[in-house]
Amino acid sequence: MSFFRPRMTCLLTLSLLCSSATAIAAEIGAVRVWAGPEYTRVVFDVSGPLDYKMFSLAGPDRVVLDVRGGKLRDGFKSAELAGVLKGVRSGAFGKTDLRVVFDLKEGVKPRSFLLPPAEKLGYRLVVDLYPDSAPTVAVKTVAQAQPSSDRSVIIAIDAGHGGEDPGARGHSGVWEKNITLEVARELARQIDAEPGMQSVLIRDSDYFIPLQQRYRKAREAKADLFVSIHADAFHREAAAGASVYVLSTRGASGEAARWLADRENASDLVGGVSFEGKDNTLAAVLLDLSQSATMKGSQDAANNVLAALKRVGKAHKPNVEHANFVVLRSPDVPSMLVETAFISNRSEEKKLSDPVYRRKLASAIRDGVRDYFHVQPPPGTWLASNARSVPREHVVSRGETLSLIANRHNVSLSLLRAANASSLRGDMVKIGERLRIPTGPG
């Protein structure tokens, strides 16, 4: 049996550095395993800062974790195996230490770091196992989707939270990460059924992705729009209704916007990200955004999505809101964050748990995205060549007028009147009424 050189782990802050002088006996209370497409994550709940070392062995492949003064807490809970893990074993090592052995399906490159307490979680030791035969992540690029000049419009759909970061929890125990994944999958299905449109799921199962990687994956896929799906909580249970957010360079548009942004931006600490050595490029990103068309595209697309969501139910605020969400910081991809409902509201939690209601939410988001791209199709796309030939309808929502609808779809008011002459009575429209959008020139 050959031993590789042990690799000591750098911890998150100076106060948590591995040191035999400061380390205390550590208890491990539980372990959880999350399998993503790029690596397998193992998370240990630990009692506090700890002194440990980790090294790899071959023949058979395994990773060994030695914890100085470590022991399993009474009632220790193990986890189901996933990803590259074949098994997890533990036992005493020497007189005082704990040894944990990860039996593996193949060789890995292990990385680890300690997370301080966050939200309702205590200290956690995170071990990420990257396979030696690292798979290429199947991200559909524009060229792969449609190599001709009439390419599809690419919509990157981001299911918020995931894995170690469950997001908000409803009164009946429903986790936000599960709701967002179901809505995202349904939205992707409906987007893919639209002529000239194609979806890319940023997260397609239960695993954690850091916030910056989410919008970077959208950029790698050459997405034309990034939509992040959420169902958050608020400290007032009465808070209700859908909201659509775009990035703010000047602060939040309200108390709820600021509170939600702070909560969402803490996801990296909850889900498990080591921030050591990271550069803060926010100022440069915001400067880029302020000098480009990205902000306008984000606002226009968000306006269309919010208008469509109002047809499903109550909106939390009448207009698109602004807040400094990390996940919206792409400098060149129009981006929005959709709060489908407040999971902290008992009535809305019940709706979010209903597949029929989730389909309605997904349909509304799809309608808003479709309306935006039919009016502003990116050059070189199939929609740019054919959008006017695709029959369209508009369902009237609260607060809309005939002239506003004409402006939103970039058609003249006279053409809109003529296309709906048989059903309109003057310029009066009713909530829920379906109007045909003319395909002729505006």
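Q: How many bridges join strand 8 to strand 9, and which way do the two strands run?
A: This is a predicted model, and in it eight bridges join strand 8 to strand 9 (residues 124-131). The two run antiparallel.

Q: What makes the contact between aspartate 224 and arginine 151 a salt bridge?
A: The cut-off is a Lys or Arg side-chain nitrogen within 4 Å of an Asp or Glu carboxyl oxygen. For aspartate 224 and arginine 151 the N to O distance is 2.9 Å, so the pair qualifies. The structure holds 25 salt bridges.

Q: Which parts does the pair of aspartate 224 and arginine 151 tie together?
A: Aspartate 224 sits in the loop between helix 3 (211-220) and strand 12 (225-230), and arginine 151 in the loop between helix 1 (142-145) and strand 10 (153-159), so the pair links parts 73 residues apart in sequence.

Q: Why is aspartate 224 called buried?
A: Buried means under 20% relative accessible area. Aspartate 224 comes in at 12%, so it gets the label. Arginine 151, at 16%, counts as buried too.

Q: How do you know that arginine 219 and aspartate 332 form a salt bridge?
A: Their closest N and O atoms are 2.8 Å apart, and the limit is 4 Å, so the pair passes. Arginine 219 lies in helix 3 and aspartate 332 in the loop between strand 14 (321-323) and strand 15 (335-339), so this one ties together parts 113 residues apart in sequence.

Q: Why is arginine 219 called partly exposed?
A: That label covers what falls between under 20% and over 50%. Arginine 219 has a relative accessible area of 38%, so partly exposed it is. Aspartate 332, at 43%, is partly exposed as well.

Q: Which residues are linked in a network of salt bridges?
A: Glu194, Arg311, Arg366, Asp367 and Arg370.

Q: What makes the phi of glutamate 119 worth a look?
A: Most residues other than glycine have a negative phi. Glutamate 119 has a positive one, near 50°, and is found in the loop between strand 8 and strand 9. Lysine 222, not a glycine either, has a positive phi of about 55°; its place is the loop between helix 3 and strand 12.

Q: Why is glutamate 119 called exposed?
A: Exposed takes over 50%.

Q: Where is the cis peptide bond that has an omega of about 0°?
A: It joins glycine 59 and proline 60. Proline 60 is found in the loop between strand 3 (52-57) and strand 4 (62-67). For context, most peptide bonds are trans.

Notes: Residues numbered from 1 in each chain as written. Predicted model: local features only at pLDDT ≥ 70, side-chain atom pairs only at ≥ 80, totals over all residues. Heavy atoms only, no water. Helix = DSSP H or I, 4+ residues; strand = E, 2+ residues; numbered from the N terminus. Buried < 20%, exposed > 50% of the residue type's maximum accessible area, 1.4 Å probe, protein only. Pairing = 2+ DSSP bridges.
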